[in-house]
Amino acid sequence: MALLYKSDPVRGARWKALFAQHAPDIEFRQWPDIGDPKEIRYLLAWQPPENIMDSLPSLEVLFATSAGVDQFDFDALPPELPVVRMLDPAIESGMIEYATFATLWLHRRMGDYVRQQREGQWQAHMLVPAAQRRIGVLGLGQLGSTIASHFAGYGFAVSGWARSSRQVQDVACYHGEAELDEFLSSSDILICVLPLTDATRGILNSDLFARLPEGAALINIGRGEHLVDHDLTQALDDGHLSAAVLDVLSEEPPADDHPFWQDERILLTPHVAAMTQPDSAFPVLLDNLRRHQRGEPMIGRVDPQRGY
Ligand code: NDP
């Protein structure tokens with residue numbers, strides 16, 4: 001029985017060592033050295049090969065190396081093939097760290113102070129107490145709900161929005177289109193932690209920005225295609241939005257002439273909010289492999305209809 005790994009080769013070496021040490025009954029193979037394809041029952045991949053069942057006829061489960069699965073074309077996957085996303089605790093802690101950094105950067109006006117330093121300006125701005133700063137989290141799933149709870153602990157006024165009704169301690173929860181307006185109107189700093197689906201692509205657009213309070217700021221740690229780039233520039237030029245922190249872009253890296261590179265109101269990072277770490281992800285993956293072998297439900301199953 002073999003597992004085929006098809007992702008970053010550097011981390012592949014660590015995955016291989018972990019399997020050899022803790023699960024020697026599962027042979028670890030690394031793409032493109034797949035050996036006899038009929039022996040491969042599990043695929044751990046960022047992106048599966050084309051015509052997956054032709055190339056891997058004995059495949060039983062597709063494990064994503066990532067928490068998001070928008071890179072998969074579900075129409076090209078057999079509907080009966082279980083798809084499981086990565087619930088690595090290192091992804092959760094990375095996202096919390098990044099959201100904390102980005103929120104405090106905006107809350108404490110660090111972008112302004114960096115600019116002032118360059119201009120030789122020593123000028124204090126009034127502090128806004130955390131309780132008066134309203135944080136809105138788009139997406140209250142595994143990551144969004146943890147981030148929202150974390151900020152409630154800082155004393156911020158936190159709300160969140162999901163597709164269905166959710167309950168998160170100390171967080172005002174909204175759901176569905178009908179409650180989006182109310183949620184947005186009380187979000188001074190909006191953090192997008194949505195999965196990318198047909199329903200959420202382009203959600204961060206002019207219409208949504210207009211429903212945020214004057215001077216609001218945006219953090220996008222979901223996926224680049226949630227954002228309509230030009231609409232953000234427009235909202236910043238109009239002065240309706242004040243700043244943005246973007247970890248993800250629709251084109252990564254952006255073209256040399258993309259306006260975000262030179263825009264001082266935007267802080268860009270190269271999709272580094274969180275990364276799967278083999279050492280912390282391995283126990284999660286192994287637990288799911290053993291669950292599958294025992295015929296038990298796996299954790300993190302993706303619903304192909306919803307796309308997340
Ligand atoms: P989950 O699947 O656990 O949660 C998704 C949340 O989004 C749920 O609350 C869901 O609502 C909500 N949602 C989905 N579609 C809609 C919609 N149409 N309208 C309103 N709410 C919606 O995902 P995670 O929290 O684990 O991850 C979220 C995303 O974070 C990933 O898909 C990935 O894109 C991104 N990510 C980015 C990383 C980075 O490095 N920048 C790293 C890791 C993840 P409901 O609760 O009702 O289902």
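UniProt, in an unreviewed entry, places the feature "domain: D-isomer specific 2-hydroxyacid dehydrogenase NAD-binding" at residues 104-273. UniProt positions follow the numbering used here, feature names are shortened, and annotations may be inferred rather than shown by experiment. The end C-alpha atoms of residues 104-273 lie 15 Å apart. This span is 26% helix and 19% strand. Helices (H or I, at least four residues) and strands (E, at least two) are DSSP runs, numbered from the N terminus.

The model is predicted: local features need pLDDT of at least 70, side-chain atom pairs count only at pLDDT 80 or more, and totals for chains, interfaces and linings use all residues. Residues are numbered from 1 along each chain as its sequence is written, and side-chain values use heavy atoms, with hydrogens and water left out.

Strands of a sheet pair through backbone hydrogen bonds, either parallel or antiparallel. Here two strands count as paired if DSSP finds at least two bridges between them. The five-strand sheet is open, with the order 2-1-3-4-5 and parallel pairing. Strand 2 (27-30) and strand 5 (83-84) stand at its edges with a single partner strand each, so one side of each has no neighbour in the sheet. Inside the sheet, strand 3 (residues 40-45) and strand 4 (residues 61-64) run parallel, joined by four bridges. Tyrosine 42 has valine 61 of strand 4 as its bridge partner.

Helix 1 (residues 9-22) lies across strand 1 (2-6), strand 2 and strand 3. Its direction makes about 170° with strand 2. Contact means heavy atoms within 4.5 Å. Axes are lines fitted to C-alpha atoms, for helices over the stretch in contact, and angles run from 0 to 180 degrees between N-to-C directions.

Isoleucine 135 stands opposite isoleucine 189 in strand 9.

On a 1 Å grid over the protein atoms alone, a cavity is a set of points where a 1.4 Å probe fits but cannot get out, and a pocket is an open set with protein on both sides within 12 Å along at least five of seven lines; lining residues have an atom within 4 Å of a point. Grid points are joined across faces, edges and corners, and a volume is the space filled by probe spheres set on the points.

The second largest pocket holds about 520 Å³. Of its 23 lining residues, Leu106, Gly111, Asp112, Ser242 and Ala243 are the closest to its centre. Helix 4 gives the largest share of the lining, six residues.

The largest cavity has a volume of about 40 Å³. Its lining is Phe63, Ala64, Val84, Arg85, Met86, Val284, Leu285 and Asn288. Strand 4 and helix 9 (278-294) each give two or more of these residues.
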